[in-house]
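Visitor: I am new to this structure. Please show me how to read it, one feature at a time.

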Amino acid sequence: MFNPQPRPPTFSSSVQTARVTLTPTPGFVVKTLTTQAARYAPANPPGAAVANLPAHHKVFVNVCYAEPVPPPADIPETAKRQAMLREADWPIPCVVSDGRADVDKAGKPAMVFDVIFHPSLSDRARSDEDFRNFMADIAVESVEDKSGLSLSRDLALPKLASKGTLGPRAVLVPVPVPKPSIEVLSDTPSTPSLTADLSSPVSSAPSATSDPKRVPRWSWEELDNGSGVRIEVTLPGMTRAHHPKTTLDLEPRRLILSSPAFATLDTSLGALPRDLDVDHARAQFLVADQKLILSAGWA
């Protein structure tokens, strides 16, 4: 997401990632509208046609579920209720698809996005209307963050399990190794195959509860030879126990880091002079130092 301690001998392991096929299970559908005209360009396939969407263009968001999207931190019920009222922070990891063109029941053009959560959330979403509305808000916000569209918060939940067919998508996950590893998820093939360098004593610290003050900070510097950039991100509260529930996604102009240990960092890299070459980026997670070091060349 500690007090300094004597450090035992450290170890380092290189964790390779593998691409698996994730097939979402339907949950429910959220219907909304764009609030202003916008140009939308899907990230994949590269060079995909740009869609010119007018204001009040209908957008459907499929809230669905699949492994290996990590579950959110297990926090007390009172804290969950505070988060649902937007009085506290509770980061809930999700994977957002690119938008795809479709039509509504009247045959008018619409855009559809899939937002995929961990399956452990599905039962409560079915039985708890407040929680279902909370997830609908998170899904719409997540679509806005990825697509750049501005969407209305006047939401409707039509009686549909999904809008259209929920197709499989590629997700990067670590190849199983005997040592703990960072879980790297992406819904876009352009995400780099990241390697993780773990250097830390084994920790038995309990999982941290959400704390909106514990937001990772980041800084960057250009490499001496001018070939790329080094980005350093703090990992407040990170321990080995958080690795399986931590996700990292790097895009040419965006960095998303989510963990139960800290509030989600979802930041634009617009301050960088050029786009990053994400296909050859590398990441080192220095858990004992509570840092993430990203190295990437220019695209």
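This is a predicted model: local features need pLDDT of at least 70, side-chain atom pairs count only at pLDDT 80 or more; totals for chains, interfaces and linings use all residues.

Visitor: Are Arg81 and Asp130 buried, partly exposed or exposed?

Guide: Read the relative accessible area. Buried means under 20%, exposed means over 50%, and partly exposed lies in between. Arg81 has 32%, so Arg81 is partly exposed. Asp130 has 48%, so Asp130 is partly exposed too.

Visitor: Which residue forms a salt bridge with Asp104?

Guide: Lys58 does, with the closest N and O atoms 3.1 Å apart. Asp104 lies in the loop between β7 (100-103) and β8 (109-117), and Lys58 lies in strand β5 (residues 58-65), so the pair ties together parts that are 46 residues apart in sequence. Asp104 is buried, at 9% relative accessible area. Lys58 counts as partly exposed, at 21%.

Visitor: How far apart are the closest N and O atoms of Glu144 and Arg153?

Guide: They are 2.6 Å apart, and the two residues form a salt bridge. Glu144 counts as buried, at 18% relative accessibility. Arg153 is partly exposed, at 40%.

Visitor: Which residues do salt bridges with shared partners join into one network?

Guide: Glu77, Arg81, Arg124, Asp128 and Asp130.

Visitor: Now the cysteines. How many disulfides are there?

Guide: Look for two cysteine sulfur atoms within 2.5 Å. The search of the whole structure finds zero disulfides. Cys64 is buried, at 0% relative accessibility. Cys94 is partly exposed, at 25%.

Visitor: How do I read a nonpolar core?

Guide: Look for buried nonpolar residues joined through their side chains. The largest core here has 32 residues. Phe28, Val63, Tyr65, Phe117, Phe131, Phe134 and Met135 touch the most other members.

Visitor: Which elements each supply at least two residues of this core?

Guide: β2 (25-33), β5, α1, β8 and α3 do. Helix α3 gives the most, with eight residues.

Visitor: What does Phe28 touch?

Guide: Leave out residues up to four places away in sequence. Phe28 then touches several residues, including Val63, Tyr65, Met135, Leu157 and Leu160. A second, separate core has 24 residues, among them Leu265, Ala283, Val287 and Trp298.

Visitor: Where is Thr267, and what does its side chain contact?

Guide: Thr267 sits in strand β14 (residues 262-268). Its side chain makes a polar contact with the side chain of Trp218, at 3.4 Å. Thr267 counts as buried, at 15% relative accessibility. Beyond four places away in sequence, Thr267 touches Trp218, Arg253, Arg254 and Leu255.

Visitor: And the whole chain: how many helices and strands are there?

Guide: There are three helices and 16 strands. Of the 299 residues, 48% are buried. The accessible surface comes to about 14300 Å², and 52% of it belongs to carbon and sulfur atoms.

Conventions: Residues are numbered from 1 along each chain as its sequence is written. Side-chain values use heavy atoms; hydrogens and water are left out. Buried means under 20% relative accessible area, exposed over 50%, partly exposed in between (1.4 Å probe, protein chains only). Helices (H or I, at least four residues) and strands (E, at least two) are DSSP runs, numbered from the N terminus. A polar contact is a pair of N or O atoms within 3.5 Å; within protein, one must be able to donate a hydrogen and the other to accept it, and residues adjacent in sequence count only if both atoms are side-chain atoms. Contact means heavy atoms within 4.5 Å. Accessible areas come from the Shrake-Rupley method with a 1.4 Å probe; for residues, only the protein chains shown count as cover. A salt bridge is a side-chain nitrogen of Lys or Arg within 4 Å of a carboxyl oxygen of Asp or Glu. A nonpolar core is a set of buried Ala, Val, Leu, Ile, Met, Phe, Trp, Tyr and Cys residues joined through side-chain atoms within 4.5 Å.
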